[in-house]
Amino acid sequence: MLLPAVRLVRLGRVPYSELLALQERWLRRLQAEPGTEDPSRTEAGALLLCEPAGPVYTAGLRGGLTPEEAARLRALGAEVHTTGRGGLATFHGPGQLLCHPLLDLRRLRLRLRTHVAALEACAVRLCGLQGLRGARARPAPYTGVWLGERKICAIGVRCGRHITSHGLALNCSTDLTWFEHIVPCGLFGTAVTSLSKELQRHLTVDEVIPPFLEAFKETYKCTLISEDSSN
């Protein structure tokens, strides 16, 4: 059986706003395409990968940042965005892999919950490939991937008309002090960590992408086709 194909769009290090703009363009493109009734189509969407060029705080559908808090964070030199993903406030910045799968779940025969579990499985698999065997997903409200009580990967998604957006943020060599200015994902008393901190060596986003893509293909049972980022 022919595997579904997903377009791979690697943006490199870009402003977060550029990722959001491209995500919106892809969403409009996918929502305009015919659904599963067209048997000749095997493409299931796109996978956007990037590293944020600067510090950004985002709030989800459940909020997480008051106007006063947003002003305080901007005074630190960070951007602040309100997004349509699930969850509360989190941080994105250099040294972090952002993965936004824009997928038609019908073509992959997935439900939203299994999509979230698949994202968690990709991050767990990647951690294992780096020698961090203790990485695991936890039940809600602790969505994401953890090493003990330390969160290494945050997940927040949105789904409309069977099309997903947003995704995961994996800390590779992130400056973790930025997380000290918020309560990440609204979870009091939990810590954040990164691959570099756990492995005690500097690990870049570029180094992490190849094994992450292998984990993605295995987990989603799909093929990846490189796409020009300008599209």
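**A chat about this fold**

Visitor: Which residues does L170 touch, not counting residues up to four places away in sequence?
Guide: Touching means contact here, with heavy atoms within 4.5 Å of each other. Skip the residues up to four places away along the chain, and L170 touches G95, Q96, L97, L126, I152, C153, L195 and V208.

Visitor: Before we go on, what kind of model is this?
Guide: Residues are numbered from 1 along each chain as its sequence is written, and side-chain values use heavy atoms, with hydrogens and water left out. Local features need pLDDT of at least 70, side-chain atom pairs count only at pLDDT 80 or more, and totals for chains, interfaces and linings use all residues, since this is a predicted model.

Visitor: How many helices and strands does the protein have?
Guide: Both are DSSP runs numbered from the N terminus: helices are H or I with at least four residues, strands are E with at least two. Counted that way, the protein has 6 helices and 12 strands.

Visitor: What share of the residues is buried?
Guide: Buried means under 20% relative accessible area, exposed means over 50%, and partly exposed is in between (1.4 Å probe, protein chains only). Out of 231 residues, the share that counts as buried is 52%.

Visitor: What radius of gyration does the protein have?
Guide: This radius is taken over C-alpha atoms, and the globule rule is 2.2 Å times the number of residues to the power 0.38. For 231 residues, the rule puts a compact globule near 17 Å. The protein agrees with that, because its own radius of gyration is 17 Å.

Visitor: Which residues have the most contacts inside the largest nonpolar core?
Guide: A nonpolar core is a set of buried Ala, Val, Leu, Ile, Met, Phe, Trp, Tyr and Cys residues joined through side-chain atoms within 4.5 Å. The largest has 37 residues, and those with the most contacts inside it are L49, L97, I152, L170, L195, F212 and Y220.

Visitor: Where does helix 6 bend?
Guide: The bend at a residue is the angle between axes fitted to the seven residues ending there and the seven starting there. In helix 6, this angle is about 25°, and the place is P211.

Visitor: How far apart are the end C-alpha atoms of helix 6?
Guide: The expected span is 1.5 Å times one less than the number of residues. Helix 6 (residues 205-220) has 16 residues, so it should span 22 Å. That agrees with the model, where the end C-alpha atoms are apart by 21 Å.

Visitor: Which peptide bond is cis?
Guide: Look in the loop between strand 7 (135-137) and strand 8 (145-147), where P141 lies. With omega near 10°, the cis bond is the one from A140 to P141.

Visitor: What does T193 contact, leaving aside neighbours within four places in sequence?
Guide: T193 sits in the loop between strand 11 (191-192) and helix 5 (195-199). It is buried, because its relative accessible area is 0%. Its contacts are L147, R150, K151, I152, N171, L176 and E198.

Visitor: How far apart in space are I155 and A169, C-alpha to C-alpha?
Guide: I155 is found in strand 9, and at 13% relative accessibility it counts as buried. The pair is 14 residues apart in sequence, while the separation in space is 6.5 Å.

Visitor: And what separates the C-alpha atoms of H166 and L48?
Guide: H166 is found in strand 10 and counts as buried, at 6% relative accessibility. Along the chain, H166 and L48 are 118 residues apart, but their C-alpha atoms are separated by 9.2 Å.
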